[in-house]
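Please keep the explanation brisk.

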Amino acid sequence: MDQHATDVLTDWAALRSGVPPVWARYTDLIVERASGSWIETVDGVRYLDYTCGIGVTNTGHAHPHVVAAIAEQAARGIHLQQNIVYHQPGLELHRRLPERFPNPAPETAYGLFLSNSGAEAVEAAIKLAKYVTRRPNVITFRGGFHGRTHAAMALTTSSAKYRSHFEPLMGGVHLVPYPYPLRMGGPEAALASTLAAIDDLFAGVVAPDDVAAFVVEPVLGEGGYVVPPDGFLPALRALADRHGILLAVDEVQSGYARTGRFFATEWTDATPDIVIMAKGIASGLPLSGILAPRSLLDQLAPGAHGGTYGGNAVACAAALATLDVIDDERLAERAESLGTHLLDGLRDRAEGHGCVAEVRGRGLMVALEFAEPGSLTPRPDLAKGLLAEAMARNVLLLTCGTYGQSVRIIPPLVTTEDEVELALDAIGQGLDAIGA
Ligand SMILES: Cc1ncc(COP(=O)(O)O)c(C=O)c1O
């Protein structure tokens, strides 16, 4: 290695140490460029990125249509502040995105409020629900992840590390179990037990007419990629209707064609009141938002909510291009069919591996959970081991689950069958290597 290359490498090591450890880290890779399903490091090594930047780059890295839209808008104006002027991509997004409202109610006009991160969109949903109902409480589900700002953190229970040393958190948050079929005796028992917990809560802890909203992930994300029983969202809708509670679905991780539908809520016939979006919305530019009926959204008085950067012009241009790509390349259909291929392949590879307690998922939101056979004691060591083995074979994956006991596989929706095969081989060999 020549002297120059050695210096650069030394510099990188020093530069890396400048990033504070609060950024919990999966790898030490330094990226030179990323395109489609692939990341290339400064050392020239290529990795199949099945993390999607935690479910963000659904259209793949640097999709040419998205890149062109970003460049074009950046040249015409980057920060065209929402309180001061209107900009064209923002106006267009306010027209196009509400058309995607999942299972829309008849004769209902829907609207959009834009912000920057998932947590901020969760805050917007909570504020809207409290404001329009004039009720102080929300009900949410154990294992949920809704972000790290103060209110969002109060709803987040996928791991105690997100809350530890930050208490007291926002009050008025009530928790019930998320229906987790593997760990609650199958889909029917899981749903029954969640609904019984809500009944108990209403009977003993909080009167339903003091509750503003249910906030729920249609597929549990950080908490383990748990697909709930089919009847879950419809049951919440019925309870919400009975008690005048709003149903807010957090589609930050499950949305944007990831599960084979534009929003995962569309796997059911439940009509939500508020849809929380981020991650895939702008293919990686910071943008988030909520969708809600105009009859609710328009009650927020001017200035009651907002922010300097919400609805940034370049991010809105990226969001419009993202919608085009999802439609033109039929990414929802692609996620559904490639997801079936991936799930079948994983089940095949997991055969004979007794510590793979479950292979589950919807579309390209897929996980393997590791546990002791019989007792279901979580095995985070195996999940970590599989990540390392996959990475040694140039495939990047993430963990999830309260104990870190599951491996999540989040391919870009533009991935190919050959790439899925490559990942399956790496995972199959990884399972053999860790002795799962
Ligand atoms: C379901 C869900 N909601 C909210 C968030 C918070 O998003 P952000 O990290 O952009 O604040 C996340 C992030 O992983 C998420 O998965």
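Are H11 and H13 roughly parallel or roughly perpendicular to each other? The axes of helix H11 (residues 331–350) and helix H13 (residues 417–434) come within 10 Å and cross at roughly 20°. H11 and H13 are therefore roughly parallel. Angles under 35 degrees count as roughly parallel, over 145 as roughly antiparallel, 65 to 115 as roughly perpendicular and the rest as oblique.

Some ground rules come next. This is a predicted model, in which local features need pLDDT of at least 70 and side-chain atom pairs count only at pLDDT 80 or more, while totals for chains, interfaces and linings use all residues. Residues are numbered from 1 along each chain as its sequence is written, and side-chain values use heavy atoms, with hydrogens and water left out. Helices (H or I, at least four residues) and strands (E, at least two) are DSSP runs, numbered from the N terminus. Axes are lines fitted to C-alpha atoms, for helices over the stretch in contact, and angles run from 0 to 180 degrees between N-to-C directions.

H11 passes H13 in a right-handed crossing. A crossing is right-handed if the near helix is turned clockwise from the far one by less than a right angle, and left-handed if anticlockwise. On the H11 side, the contact is made by Leu338, His341, Leu342, Gly345, Leu346, Arg349 and Ala350. H13 contributes Glu417, Val420, Glu421, Leu424, Asp425, Ile427, Gly428 and Leu431. Contact means heavy atoms within 4.5 Å. The residues of this H11–H13 contact divide into eight nonpolar, three polar and four charged. Here Ala, Val, Leu, Ile, Met, Phe, Trp, Tyr, Cys and Pro count as nonpolar, Asp, Glu, Lys and Arg as charged, and the others, Gly among them, as polar.

Four strands form an open sheet in the order S11-S12-S15-S14, with antiparallel pairing. Its edge strands are S11 (356–362) and S14 (398–400), and each pairs on one side only. Neighbouring strands of this sheet are turned by 25° against each other on average, direction ignored. H11 packs on the sheet and touches S11, S12 and S15. The direction of H11 makes about 175° with that of S11. Inside the sheet, four bridges join strand S12 (residues 365–370) to strand S15 (residues 406–409), which run antiparallel. Two strands pair if DSSP finds at least two bridges between them. Glu369 has Ser406 in S15 as its bridge partner.

Now take H7 and H8. Helix H7 (residues 187–204) and helix H8 (residues 232–243) pack at an angle of about 20°, with their axes 10 Å apart. H7 and H8 are therefore roughly parallel to each other. Their crossing is right-handed. Leu191, Thr194, Leu195, Ile198 and Phe202 of H7 meet Phe232, Ala235, Leu236, Leu239 and His243 of H8. By class, this H7–H8 contact has eight nonpolar, two polar and no charged residues.

Strand S7 (residues 211–216) is next. Six of its six residues are buried, meaning under 20% relative accessible area (1.4 Å probe, protein chains only), with exposed over 50% and partly exposed in between. Strand S5 (residues 137–142) and S7 pair in the parallel sense over four bridges. Thr140 stands opposite Val215 in S7. Four bridges also join S7 to strand S8 (residues 246–250), and the two run parallel. There, Ala213 has Leu246 in S8 as its bridge partner.

What angle do H4 and H10 make? The axes of H4 and helix H10 (residues 313–328) come within 8 Å and cross at roughly 40°. That makes H4 oblique to H10. The crossing of H4 and H10 is left-handed. Pro89, Gly90, Glu92, Leu93 and Arg96 of H4 make the contact, among others with Leu320, Leu323 and Asp324 of H10. By class, the H4–H10 contact has eight nonpolar, one polar and three charged residues.

Arg96 lies in helix H4 (residues 88–96). At 15% relative accessibility, Arg96 counts as buried. Leu91 is also in H4, but Leu91 is partly exposed, with a relative accessible area of 47%.
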